[in-house]
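Subject: Structure handover

Dear colleague,

Here is the structure I said I would pass on. My notes follow it.

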Amino acid sequence: MMGFRTQMPWSSSAAGAQADQPMCDAAAAVVAARQGMETPLTAVAEAFEELARGMEADGGELRLAPFGDTCALVSVLFNSLGIAFKFAESEYVTKVNDLIGASKEYATLNDILDKDVEHDCVKKQGSHSRNLRRVRLGLGLIKALFEQFLATEGSLYEAATTAYGQVCAPFHSWAIRKAVGAGMYTLPSREQLILRLNETDCSVQKEMRRYIDASSPIIEYIDTLFLSRNIVLDW
(Lines give C-alpha, C1' and ligand atoms only; values in the text may rest on other atoms or scores of the structure.)
Protein backbone atom coordinates (compact mmCIF):
# COMPACT_ATOMS: atom_id res chain seq x y z
CA MET A 1 0.00 0.00 0.00
CA MET A 2 1.31 3.40 -0.93
CA GLY A 3 2.24 5.83 1.81
CA PHE A 4 1.20 9.45 2.14
CA ARG A 5 2.41 11.94 -0.44
CA THR A 6 3.09 14.34 2.41
CA GLN A 7 2.29 14.52 6.10
CA MET A 8 -1.49 14.20 5.94
CA PRO A 9 -3.55 16.86 7.72
CA TRP A 10 -6.14 14.24 8.58
CA SER A 11 -3.72 12.34 10.81
CA SER A 12 -3.52 15.05 13.44
CA SER A 13 -7.17 16.08 13.16
CA ALA A 14 -8.30 12.51 13.57
CA ALA A 15 -6.17 12.21 16.67
CA GLY A 16 -7.79 15.33 18.04
CA ALA A 17 -11.23 13.94 17.41
CA GLN A 18 -10.34 10.75 19.24
CA ALA A 19 -9.14 12.76 22.20
CA ASP A 20 -12.61 14.34 22.46
CA GLN A 21 -14.43 11.04 21.97
CA PRO A 22 -12.04 8.10 22.42
CA MET A 23 -12.61 5.13 20.16
CA CYS A 24 -12.47 1.66 21.63
CA ASP A 25 -9.21 -0.20 21.01
CA ALA A 26 -10.55 -2.07 17.98
CA ALA A 27 -11.70 1.07 16.18
CA ALA A 28 -8.50 2.96 16.99
CA ALA A 29 -6.44 0.06 15.67
CA VAL A 30 -8.31 0.05 12.38
CA VAL A 31 -7.86 3.79 11.92
CA ALA A 32 -4.15 3.49 12.73
CA ALA A 33 -3.73 0.66 10.23
CA ARG A 34 -5.47 2.63 7.48
CA GLN A 35 -3.27 5.68 7.97
CA GLY A 36 -0.70 4.07 5.70
CA MET A 37 -3.05 4.75 2.79
CA GLU A 38 -2.66 7.76 0.54
CA THR A 39 -5.75 9.77 1.49
CA PRO A 40 -8.57 9.39 4.02
CA LEU A 41 -11.21 9.36 1.28
CA THR A 42 -9.39 6.57 -0.53
CA ALA A 43 -9.15 4.64 2.74
CA VAL A 44 -12.87 4.85 3.37
CA ALA A 45 -13.88 4.08 -0.22
CA GLU A 46 -11.62 1.05 -0.42
CA ALA A 47 -12.79 -0.23 2.95
CA PHE A 48 -16.45 -0.12 1.85
CA GLU A 49 -15.59 -1.86 -1.40
CA GLU A 50 -13.95 -4.61 0.65
CA LEU A 51 -16.98 -4.78 2.94
CA ALA A 52 -19.37 -5.10 -0.02
CA ARG A 53 -17.24 -7.88 -1.52
CA GLY A 54 -17.20 -9.67 1.82
CA MET A 55 -20.98 -9.44 2.11
CA GLU A 56 -21.34 -10.93 -1.37
CA ALA A 57 -18.89 -13.73 -0.53
CA ASP A 58 -20.89 -14.52 2.63
CA GLY A 59 -24.06 -15.05 0.64
CA GLY A 60 -25.48 -11.61 1.31
CA GLU A 61 -24.85 -11.74 5.06
CA LEU A 62 -23.07 -8.78 6.64
CA ARG A 63 -20.70 -9.65 9.45
CA LEU A 64 -20.65 -7.27 12.38
CA ALA A 65 -16.89 -7.10 13.08
CA PRO A 66 -15.76 -5.90 9.62
CA PHE A 67 -18.81 -3.64 9.42
CA GLY A 68 -17.84 -1.89 12.66
CA ASP A 69 -14.20 -1.59 11.64
CA THR A 70 -15.15 -0.06 8.29
CA CYS A 71 -17.63 2.38 9.78
CA ALA A 72 -14.98 3.56 12.25
CA LEU A 73 -13.08 5.11 9.35
CA VAL A 74 -15.97 7.39 8.41
CA SER A 75 -15.38 9.48 11.54
CA VAL A 76 -12.39 10.98 9.71
CA LEU A 77 -14.74 12.35 7.05
CA PHE A 78 -17.01 13.90 9.68
CA ASN A 79 -13.95 15.47 11.28
CA SER A 80 -12.88 17.04 7.97
CA LEU A 81 -16.15 19.01 7.96
CA GLY A 82 -15.14 20.86 11.10
CA ILE A 83 -17.20 22.06 14.05
CA ALA A 84 -20.46 22.06 12.07
CA PHE A 85 -20.55 18.26 12.22
CA LYS A 86 -18.88 17.83 15.60
CA PHE A 87 -22.10 16.70 17.26
CA ALA A 88 -22.79 14.21 14.48
CA GLU A 89 -19.22 12.93 14.66
CA SER A 90 -19.34 12.43 18.42
CA GLU A 91 -22.67 10.60 18.30
CA TYR A 92 -21.56 8.52 15.33
CA VAL A 93 -18.31 7.40 16.98
CA THR A 94 -20.16 6.42 20.17
CA LYS A 95 -22.60 4.26 18.18
CA VAL A 96 -19.85 2.64 16.12
CA ASN A 97 -17.89 1.81 19.25
CA ASP A 98 -20.96 0.08 20.67
CA LEU A 99 -21.30 -2.07 17.56
CA ILE A 100 -17.61 -2.94 17.58
CA GLY A 101 -17.97 -4.05 21.19
CA ALA A 102 -21.10 -6.05 20.30
CA SER A 103 -19.15 -7.95 17.62
CA LYS A 104 -17.51 -9.93 20.42
CA GLU A 105 -20.93 -11.46 21.15
CA TYR A 106 -22.80 -11.28 17.83
CA ALA A 107 -21.48 -12.49 14.48
CA THR A 108 -23.77 -10.61 12.09
CA LEU A 109 -26.06 -7.59 11.87
CA ASN A 110 -28.94 -10.05 11.59
CA ASP A 111 -28.03 -11.47 14.98
CA ILE A 112 -28.34 -8.18 16.83
CA LEU A 113 -31.69 -7.41 15.20
CA ASP A 114 -33.00 -10.87 16.07
CA LYS A 115 -31.91 -10.48 19.69
CA ASP A 116 -33.41 -7.02 20.12
CA VAL A 117 -36.66 -8.05 18.43
CA GLU A 118 -36.86 -11.00 20.80
CA HIS A 119 -36.47 -8.67 23.79
CA ASP A 120 -38.68 -5.94 22.29
CA CYS A 121 -35.96 -3.30 22.60
CA VAL A 122 -35.12 -2.41 18.99
CA LYS A 123 -35.89 1.28 19.50
CA LYS A 124 -34.78 1.44 23.11
CA GLN A 125 -32.09 4.01 23.92
CA GLY A 126 -28.70 2.29 23.93
CA SER A 127 -29.81 -0.89 22.18
CA HIS A 128 -27.52 -2.26 19.47
CA SER A 129 -30.33 -2.05 16.91
CA ARG A 130 -30.96 1.62 17.68
CA ASN A 131 -27.24 2.31 17.43
CA LEU A 132 -27.13 0.47 14.11
CA ARG A 133 -29.93 2.69 12.84
CA ARG A 134 -27.98 5.81 13.90
CA VAL A 135 -24.78 4.57 12.22
CA ARG A 136 -26.75 3.89 9.06
CA LEU A 137 -28.00 7.50 9.13
CA GLY A 138 -24.40 8.67 9.48
CA LEU A 139 -23.34 6.65 6.44
CA GLY A 140 -26.32 7.98 4.54
CA LEU A 141 -25.54 11.56 5.51
CA ILE A 142 -22.01 11.36 4.09
CA LYS A 143 -23.34 9.64 0.96
CA ALA A 144 -25.98 12.34 0.42
CA LEU A 145 -23.42 15.08 1.06
CA PHE A 146 -21.08 13.62 -1.54
CA GLU A 147 -23.96 13.28 -4.02
CA GLN A 148 -24.86 16.94 -3.56
CA PHE A 149 -21.20 17.97 -3.76
CA LEU A 150 -20.81 16.21 -7.11
CA ALA A 151 -24.17 17.26 -8.54
CA THR A 152 -23.68 21.01 -8.26
CA GLU A 153 -20.95 23.63 -8.26
CA GLY A 154 -22.54 25.34 -5.27
CA SER A 155 -21.03 25.84 -1.84
CA LEU A 156 -20.38 23.08 0.68
CA TYR A 157 -22.93 24.85 2.87
CA GLU A 158 -25.63 24.26 0.25
CA ALA A 159 -24.62 20.63 -0.26
CA ALA A 160 -24.48 19.88 3.46
CA THR A 161 -27.75 21.67 4.24
CA THR A 162 -29.58 19.71 1.55
CA ALA A 163 -28.03 16.40 2.64
CA TYR A 164 -28.87 17.00 6.29
CA GLY A 165 -32.44 17.94 5.37
CA GLN A 166 -32.86 14.73 3.40
CA VAL A 167 -31.27 12.26 5.81
CA CYS A 168 -31.27 13.42 9.43
CA ALA A 169 -33.51 16.44 9.92
CA PRO A 170 -36.77 14.42 9.78
CA PHE A 171 -35.65 12.53 12.90
CA HIS A 172 -34.17 15.43 14.89
CA SER A 173 -35.90 17.75 17.32
CA TRP A 174 -36.35 21.44 16.54
CA ALA A 175 -33.53 22.34 18.96
CA ILE A 176 -31.06 20.01 17.23
CA ARG A 177 -32.10 21.20 13.76
CA LYS A 178 -31.59 24.80 14.84
CA ALA A 179 -28.14 24.06 16.30
CA VAL A 180 -27.09 22.17 13.18
CA GLY A 181 -28.36 25.01 10.97
CA ALA A 182 -26.28 27.53 12.88
CA GLY A 183 -23.22 25.29 12.69
CA MET A 184 -23.50 24.97 8.94
CA TYR A 185 -22.15 28.50 8.59
CA THR A 186 -18.80 27.29 9.94
CA LEU A 187 -18.31 24.69 7.21
CA PRO A 188 -15.14 24.95 5.13
CA SER A 189 -15.35 25.98 1.50
CA ARG A 190 -15.32 23.37 -1.26
CA GLU A 191 -11.66 24.12 -1.88
CA GLN A 192 -10.77 23.83 1.81
CA LEU A 193 -12.54 20.46 2.09
CA ILE A 194 -10.67 19.11 -0.92
CA LEU A 195 -7.42 20.28 0.64
CA ARG A 196 -8.26 18.71 4.02
CA LEU A 197 -8.96 15.42 2.28
CA ASN A 198 -5.64 15.68 0.43
CA GLU A 199 -7.41 15.39 -2.91
CA THR A 200 -7.53 17.38 -6.15
CA ASP A 201 -10.59 18.61 -8.05
CA CYS A 202 -10.37 15.49 -10.22
CA SER A 203 -9.46 12.89 -7.61
CA VAL A 204 -12.10 14.00 -5.10
CA GLN A 205 -14.84 13.29 -7.64
CA LYS A 206 -13.52 9.81 -8.29
CA GLU A 207 -13.15 8.91 -4.61
CA MET A 208 -16.51 10.38 -3.56
CA ARG A 209 -18.16 8.37 -6.31
CA ARG A 210 -16.38 5.24 -5.07
CA TYR A 211 -17.78 5.79 -1.58
CA ILE A 212 -21.29 6.44 -2.94
CA ASP A 213 -21.23 3.27 -5.05
CA ALA A 214 -19.68 1.05 -2.36
CA SER A 215 -21.77 2.27 0.58
CA SER A 216 -25.10 2.09 -1.26
CA PRO A 217 -25.58 -1.72 -1.01
CA ILE A 218 -24.54 -1.60 2.66
CA ILE A 219 -27.08 1.11 3.44
CA GLU A 220 -29.79 -0.71 1.48
CA TYR A 221 -28.99 -3.95 3.30
CA ILE A 222 -29.37 -2.31 6.72
CA ASP A 223 -32.70 -0.75 5.71
CA THR A 224 -33.92 -4.14 4.52
CA LEU A 225 -32.99 -5.73 7.86
CA PHE A 226 -35.46 -3.43 9.60
CA LEU A 227 -38.15 -3.41 6.94
CA SER A 228 -38.17 -7.21 6.64
CA ARG A 229 -39.12 -7.30 10.32
CA ASN A 230 -41.92 -4.78 9.77
CA ILE A 231 -39.94 -2.05 11.53
CA VAL A 232 -40.65 1.24 9.79
CA LEU A 233 -37.80 3.69 9.33
CA ASP A 234 -39.42 6.76 10.83
CA TRP A 235 -37.13 7.11 13.85
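T162 lies in helix 9 (residues 156-167); helices here are DSSP runs of H or I with at least four residues, strands are runs of E with at least two, and both are numbered from the N terminus. T162 counts as partly exposed, at 34% relative accessibility. On the scale used, buried means under 20% relative accessible area, exposed means over 50%, and partly exposed is in between, with a 1.4 Å probe and protein chains only. T162 is 18 residues from A144 in sequence, and their C-alpha atoms are 8.3 Å apart in space. T161 also lies in helix 9 and is partly exposed, with a relative accessible area of 33%. T161 and L145 are 16 residues apart in sequence, with 8.5 Å from C-alpha to C-alpha.

The model is predicted, so local features need pLDDT of at least 70 and side-chain atom pairs count only at pLDDT 80 or more, while totals for chains, interfaces and linings use all residues. Residues are numbered from 1 along each chain as its sequence is written, and side-chain values use heavy atoms, with hydrogens and water left out.

Overall fold

The chain has 12 helices and zero strands, and buried residues make up 51% of its 235 residues. With a contact taken as heavy atoms within 4.5 Å, residues 24 or more positions apart account for 75% of the contacts with a separation of 6 or more. The accessible surface of the chain is about 10,800 Å², and carbon and sulfur atoms hold 54% of that area; accessible areas come from the Shrake-Rupley method with a 1.4 Å probe, and for residues only the protein chains shown count as cover.

Cavity and pocket

Both come from a 1 Å grid over the protein atoms alone: a cavity is a set of points where a 1.4 Å probe fits but cannot get out, a pocket is an open set with protein on both sides within 12 Å along at least five of seven lines, and lining residues have an atom within 4 Å of a point. Grid points are joined across faces, edges and corners, and a volume is the space filled by probe spheres set on the points.

There is one cavity of 30 Å³ or more, and the largest cavity has a volume of about 40 Å³. By class, the cavity lining has six nonpolar residues, one polar and no charged. The classes are Ala, Val, Leu, Ile, Met, Phe, Trp, Tyr, Cys and Pro as nonpolar, Asp, Glu, Lys and Arg as charged, and the others, Gly among them, as polar.

The largest pocket holds about 330 Å³ of space. Its lining has 19 residues, and F87, A88, E91, C168 and H172 lie nearest the centre of the pocket. Helix 6, helix 8 (128-151) and helix 10 (174-183) each supply at least two residues of the pocket lining. The pocket lining divides into 14 nonpolar, two polar and three charged residues.

Salt bridges

A salt bridge is a side-chain nitrogen of Lys or Arg within 4 Å of a carboxyl oxygen of Asp or Glu. By this rule the count is eight, and three of them are set out below.

- K86 and E89 form a salt bridge, with 3.6 Å between the closest N and O atoms. Both residues lie in helix 6 (residues 86-102), three residues apart, about one turn of the helix. K86 is partly exposed at 29% relative accessibility, whereas E89 is buried at 4%.
- D114 and R229 form a salt bridge, and their closest N and O atoms are 2.7 Å apart. D114 is in helix 7 (residues 109-118) and R229 in the segment after helix 12 (201-227), so the pair ties together parts 115 residues apart in sequence. D114 is partly exposed, with a relative accessible area of 41%, and R229 is partly exposed at 23%.
- R210 and E207 form a salt bridge, the closest N and O atoms being 2.9 Å apart. R210 and E207 are both in helix 12, three residues apart, about one turn of the helix, and both are buried. Salt bridges with shared partners join E49, E207 and R210 into one network.

Regards
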